[in-house]
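Thanks for coming. I have one structure to go through today, and I will take it piece by piece.

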Amino acid sequence: MMRKAIRWACGTISVLTALLMGTTAYLEYSLPENFYVLEGQQLHIKSKVNITSSKLSEQSAGNVRSASQNNVAAGNVELRLFGVIPIKTTRVQEVSETMLVPCGTPFGVKLCTEGVLVVGINEIPTASGTANPAKACGIKLGDVILSVNNEKVKTNEDVAAIVEKSAGKPLSFSLLREDVPLHVSLKPVVCSTDGKYKAGIWVRDSSAGIGTVTFYNPTTSAFGGLGHAICDVDTGQIMPIHSGEIVDVNINGVTKGQSGTPGELKGSFSSSKAKGSVTMNTETGIFGELYQNPSSRQAVPIALKQDIKEGSAKMITTIEGSEPKEYSVEIDKISLNSNHATKNMVIKITDPELLNKTGGIVQGMSGSPIVQNGKLIGAVTHVFVNDPTRGYGIFIENMVNTSNSQQNSEKKSAS
């Protein structure tokens, strides 16, 4: 009898040990390498299991690390399961409280690229057969052409004019490929159909579309929108911008989303007058300055990622006209250590009115702010194609960090 009890106890301990090891390994993977906390506050992580944090310090004697449970704020912090089992060391940084206006306002955006973007490479018919000068010199889809023979190019017409006047002489192309400068020599050929010199490339110099303003900063006039980048439809790469502007949009229709077929907001530019400027097109959204507050809502504090909870929230978006409304959603899942900057939360639309009119999340809603417990927590970024009631959201701190980096860069340039 005693042996059975001992075997049972050993088996139970083995199972518990395995569970603890598995939980610790999962937490080590799922918890991020850094957190932000408000000035003077401690790090608290919302979790189904108890996670404590202890600030680590370096002792001068022997460089031995020590842990303190008190005043856990900025610095290296050790996370422990149940206050005992080490999980990982993470970096905590203090930030001041940020107050932003959650907008949900539709906007039209017009972007002009930095140089011109190569979106196609094609064969040119010549007297001796087909030729592809661009491919022959190493130009690829997604390359950005900045200049040709030291002449800056900003439009399709700029490139075509220089190539046509080349008389077949080699041209020096200055390119950017994934932000790396390149220089190639391209020799145009005469097209047998029209007798003009050509390079064998299709380029794009601008883009336009509609989206949703996520936030407006009443202190700096900065704004953020979309929650993801504007990418070229042909190459899928982020459009490198030279300049851009924001204009008013009126939403005048909706294509309802269905499984396998994303829906879409239909809108039209209601004014040609710029309401703001776009200075950045990045992985986490578009950013710039608005000339006036686009919303009548009050500024609210932002929530840091560890403060967001699974459960009910509100999404602010516009599906008719130009006035945003609040709709009920559920935060289904939160990924604190997501490897994707724009897919940090899974959101489910629960509002009956929104489901009836749109079927859930549709194209054009990207950037719609999400509010929980009076705080701005993030924005809608993507829809699940096979389930339009669900989609991804981005943490607002990711968008704010990008916006702040732009402002800090401008301050350094000014000084």
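In the hairpin of β4 and β5, with 3 residues between the strands, F82 takes a positive phi near 60 degrees. Strands here are DSSP runs of E, at least two residues, and helices are runs of H or I, at least four residues, both numbered from the N terminus. This is a predicted model: local features need pLDDT of at least 70, side-chain atom pairs count only at pLDDT 80 or more, and totals for chains, interfaces and linings use all residues. Residues are numbered from 1 along each chain as its sequence is written, and side-chain values use heavy atoms, with hydrogens and water left out.

Strand β4 (residues 75–81) runs antiparallel to β5, joined by 7 bridges; two strands pair if DSSP finds at least two bridges between them. N76 has R91 in β5 as its bridge partner. Strand β5 (residues 85–95) is also joined to β1 (residues 34–38), by 5 bridges, and that pair is parallel. There V37 is partnered with E94.

Next, the helix. Which residues of helix α3 are buried? In α3 (residues 156–164) they are V159, I162 and V163, where buried means under 20% relative accessible area with a 1.4 Å probe, protein chains only. They lie on the same side of α3 because they cover an arc of only 100 degrees around the axis, taken from the directions from the helix axis to the C-beta atoms. They pack against several strands, including β6 (99–121) and β15 (201–216), with contact meaning heavy atoms within 4.5 Å.

Last, β22-β23-β24-β27-β26-β25 form a closed barrel of 6 strands with antiparallel pairing.

Technical notes:
Buried means under 20% relative accessible area, exposed over 50%, partly exposed in between (1.4 Å probe, protein chains only).
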